[in-house]
Number of protein chains: 2
Amino acid sequence: MSAERLARLALSRLGEPGDLRLAHWVTELGAVQFHDALRAGAELDGLNTELAARLPSVEPERDLERASRLGIRWIVPGDAEWPAALDDLEHVEPLHRMGRAPLGLWVRGPLRLHELPTPVAVVGARSATTYGTDVATELAAGLARAGSAVISGAAYGIDQAAHRGALAGDGPTVAVLACGVDRAYPSRHKPLLDHLADHGAVVSELAPGCSPTRPRFLARNRVIAALSLGTVVVEAAVRSGALNTANWASGLNRPVMGVPGPVTSAPSEGVHQLIRSGAASLVTRATEVLELTRPAGEHLVEPLRAPSRPRDLLGHDEQRVLEAVPLVRPAPPESVARTAGLGLVEVRASLVELRRRGLVEELPTGWRLADDADQG
Amino acid sequence: MSAERLARLALSRLGEPGDLRLAHWVTELGAVQFHDALRAGAELDGLNTELAARLPSVEPERDLERASRLGIRWIVPGDAEWPAALDDLEHVEPLHRMGRAPLGLWVRGPLRLHELPTPVAVVGARSATTYGTDVATELAAGLARAGSAVISGAAYGIDQAAHRGALAGDGPTVAVLACGVDRAYPSRHKPLLDHLADHGAVVSELAPGCSPTRPRFLARNRVIAALSLGTVVVEAAVRSGALNTANWASGLNRPVMGVPGPVTSAPSEGVHQLIRSGAASLVTRATEVLELTRPAGEHLVEPLRAPSRPRDLLGHDEQRVLEAVPLVRPAPPESVARTAGLGLVEVRASLVELRRRGLVEELPTGWRLADDADQG
């Protein structure tokens with residue numbers, strides 16, 4: 001096992017996260033044999049020699065030792081902590097020429113990744129609106145209170161709100177980074193990341209010390225999607241990282257959900273597009289997310305019902321009379337009786353009862369509804 | 001034809017709009033024969049004698065004459081102006097024990113109902129938010145500018161905004177009322193209704209002078225849905241007339257569309273439920289409505305695209321170098337070359353070109369991205 005861990009660490013140092021060539025040869029030969037073959041200078045079809053050229057400068061034992069001093073661990077497939085959900089990435093089509101399961105993950109924090117309870121990704125725009133961050137916070141808090149772990153990317157905006165909401169709901173939360181887990185990006189989120197490292201987990205494919213680059217964010221997004229049973233996008237511009245995460249979740253056949261917003265708000269446009277295209281389901285609250293991400297029946301959503309109204313409690317004749325009473329211009333009982341198709345005596349009795357219930361009023365010229373607030 | 005018109009008018013005076021018994025016997029016997037049978041005192045199975053009892057007080061010729069003086073016409077199936085789309089109601093399941101096509105329609109205004117160009121219903125909450133009325137106005141104006149007629153119910157809130165938007169977009173607009181077309185309900189909308197009567201059309205199943213009642217609103221909603229190729233709901237409480245109109249549109253197999261809003265806004269809850277249940281498609285603008293309501297291909301929506309960015313224009317190597325440049329902490333060219341997997345000479349040249357384009361910056365300790373505004 002130690003050889004496997006070291007081989008995977010060394011290989012991860014040769015290329016970028018999501019490198020398809022590395023993943024291919026690990027599958028073909030196994031990590032240890034592949035690593036050995038590279039060291040022996042083997043000619044491997046499709047493998048750029050630039051990868052092998054970096055091998056001499058890689059020192060996996062030293063990496064592990066340094067990481068350990070920083071309280072950072074390296075987990076690989078086969079480890080108890082390896083989340084099996086990540087292996088589903090092996091069967092997903094690459095996006096932007098990257099993909100497959102990570103060779104391993106660097107983890108900082110007390111949470112064990114294989115024990116995350118029904119994890120849900122909550123992601124979205126960095127340039128979020130206050131509406132978006134309010135909704136993301138509330139949603140993540142609701143998920144946390146219901147016992148779900150919240151996965152996000154620790155970016156400004158929605159990501160930050162998701163982590164904070166999960167913490168407010170006293171739930172586990174995990175940040176997946178596009179740089180080393182010892183780095184703070186953005187730097188103003190250092191306190192948040194330190195807090196997550198103390199109470200949750202901070203995770204990355206990249207070794208400690210590594211900087212974020214654009215492709216690393218794209219590769220990181222597949223880890224967020226794969227660690228989660230489903231992905232919720234709260235606000236997302238038309239071309240954005242959050243939509244990339246949603247694409248990975250789709251590829252994994254996991255639920256993609258979108259929280260709508262005002263159609264006048266640019267950060268909601270990407271979400272509305274996802275829903276319109278059928279790629280995402282519209283969700284408005286945590287219970288609806290749970291319904292889609294938890295095993296069937298475990299969390300059924302009660303459909304919203306309007307409160308019952310006084311007139312729901314009326315008898316059949318009183319209903320008919322009420323329906324025949326004009327909204328504005330008062331009508332005499334004879335006219336109400338004609339519209340209702342009932343006798344004048346019953347109508348007079350019903351009108352009195354309806355007045356007692358505050359539903360109609362009598363004016364000198366006749367009867368009308370006491371309020372015109374709901375005409376159905 | 002005159003006998004048919006008079007018979008239908010007389011029959012419409014015997015019951016409420018959407019009365020299933022009247023519709024049944026008109027289908028079975030024809031309007032004229034049914035009317036004759038009633039006058040002859042025939043025993044008609046399933047027909048409440050209360051209907052026949054009202055017959056003596058009905059004076060269709062006088063109704064027509066009075067209406068004519070008010071500039072109101074009565075149209076029935078077979079008339080050139082009768083909109084064939086209404087007849088689809090004959091095949092729709094009743095809702096709230098009412099349904100079927102109207103026996104005829106009272107019309108006030110210059111618009112001819114059979115010539116409405118690609119009519120679309122825009123309906124929603126009376127207690128709408130400013131967001132809702134702004135969006136409804138903009139949507140209706142967009143539909144009008146694209147040549148569509150806008151159908152609504154002249155109520156407060158979304159209905160009013162829909163009519164006003166259509167007028168602002170210089171398009172035809174039709175109000176369907178739950179009272180006589182000579183009445184103004186709500187009374188504060190008298191100027192709007194008078195304007196519609198001068199420039200568009202005001203329509204009702206109910207004879208001039210009739211008052212609105214709750215069931216008349218429900219029956220009216222089926223006419224709004226049936227006059228339109230599709231129905232858009234802008235804001236709607238969970239239990240509301242707009243959702244009833246949407247139900248009629250569904251029953252007619254016509255597109256139902258919903259404009260989302262903030263999940264924190266009660267008037268958007270009904271719309272979100274419609275979309276979640278699959279009953280409505282999410283739409284955000286007029287072009288998306290046209291795509292769903294006009295014949296295929298006539299109005300294809302261009303998918304929203306983010307504007308192209310400077311880096312979309314880069315060559316392959318420059319792209320690779322740019323992707324290897326850190327976001328924050330500057331890196332020397334050697335490090336960038338290692339991440340990019342390219343030679344140092346090409347990398348230096350690319351970095352200079354990228355700087356010229358304003359994409360990267362050089363600091364004493366190395367190179368980094370000029371802005372971190374979009375990491376994908």
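The model is predicted: local features need pLDDT of at least 70, side-chain atom pairs count only at pLDDT 80 or more, and totals for chains, interfaces and linings use all residues. Residues are numbered from 1 along each chain as its sequence is written, and chains are lettered from A and ligands numbered from 1 in the order in which they are written.

The same surface serves both copies, and 100% of the contact residues of chain A recur in chain B (contact: C-beta atoms, placed from the backbone, within 7 Å).

Chain A holds an open sheet of nine strands in the order S1-S2-S6-S5-S4-S3-S7-S8-S9, with mixed pairing. Strands are DSSP runs of E, at least two residues, and helices runs of H or I, at least four, numbered from the N terminus. Strands pair if DSSP finds at least two bridges between them. S1 (72-75) and S9 (281-282) of chain A stand at the edges with a single partner strand each, so one side of each lacks a neighbour in the sheet. S2 (residues 105-108) and S6 (residues 201-204) of chain A run antiparallel, joined by three bridges. Val107(A) has Val203(A) in S6(A) as its bridge partner.

In chain B, helices H6 (residues 130-145) and H7 (residues 158-168) pack at about 35°, their axes 7 Å apart (lines fitted to C-alpha atoms over the stretch in contact; angles from 0 to 180 degrees between N-to-C directions).

Key. Contact = placed C-beta atoms within 7 Å.
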